[in-house]
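Please open the model in your viewer and keep the sequence panel beside it. The stops below proceed from one selection to the next.

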Amino acid sequence: MPFLGLDYILARLLSNNAQWAEDVEKVEPGFFAQSAKGQSPKGLSPRPPSVVLGYQVLWIGCSDSRVPESVVTASKPGDIFVHRNIANQFLPEDDSALAVLTYAVAHVGVSHVILVGHTNCGGAQACHAIAHDPSAEAPEGPLGRWLGPLTELAREHDDLTELVEANVRAQVENIANTDVVRDAWAKGKDVQVHGWVYELETGRLRDLGVSVGKTGAV
């Protein structure tokens, strides 16, 4: 037992990873050696035509463990460039998100930026409670500051699912208004920004139809 003595949870993660790596190598020999040479999330690995999604993707999603982008899209390492945070926000002053967007668009060369929210989002639920329940207390410190904009948005929505969707639309607008995306459009790059919601109840991704590209709505 190579993981003997470790905490059970950590040991299970490491053991599962070892089994997964072994299984992948059996199905696609040399996959990890090729992956180690660099990333280019454009779906270059062979797939049956029915499951090719045209990956040139930056996925900006929630930190929620129930929404793992590679799993829910049946993708492999190297397919999707990823940034995740609480309640899938893209705030104009967030250097971490801006750095990811800059690197993805200018260096990795993605052409699709997908902002993905999800139903029953804990961050959205907390903001909804703070906005509508006088007895609810807002968190302090970094978490409180982070949830502030979403709490303000929550004051405009009574329904949680409506809030989740409104949050996605707001973040799509924030991304589209960044210098990073606007500069890419000015240079003729066909970068598109999309807004999706992952439904925990069905396992399905839903396009909100708010996509925007260099010529406007897509």
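Select Lys-26 and Glu-22 to begin: their side chains form a salt bridge, with 3.4 Å from N to O. The term denotes a side-chain nitrogen of Lys or Arg within 4 Å of a carboxyl oxygen of Asp or Glu. The model is a predicted one, in which local features need pLDDT of at least 70 and side-chain atom pairs count only at pLDDT 80 or more, whereas totals for chains, interfaces and linings use all residues. Residues are numbered from 1 along each chain as its sequence is written, and side-chain values use heavy atoms, with hydrogens and water left out.

Both Lys-26 and Glu-22 belong to helix α1, four residues apart, about one turn of the helix. Helices (H or I, at least four residues) and strands (E, at least two) are DSSP runs, numbered from the N terminus. Lys-26 counts as exposed because its relative accessibility is 60%, while Glu-22, at 40%, counts as partly exposed. Here buried means under 20% relative accessible area, exposed over 50%, and partly exposed in between (1.4 Å probe, protein chains only).

Next, select Glu-28 and Lys-76, whose side chains meet in a salt bridge of 2.6 Å, N to O. Glu-28 lies in the loop between α1 and α2 (31-35) and Lys-76 in the loop between α3 and β2 (80-85), so the pair ties together parts that are 48 residues apart in sequence. Glu-28 is partly exposed at 25% relative accessibility, and Lys-76 is partly exposed at 21%.

Now move to Asp-64 and Arg-66, which form a salt bridge with the closest N and O atoms 2.7 Å apart. Asp-64 is buried, with a relative accessible area of 15%, whereas Arg-66 is partly exposed at 43%. Finally, select Glu-165, Glu-199 and Arg-206, which salt bridges with shared partners join into one network. The whole structure holds seven salt bridges.
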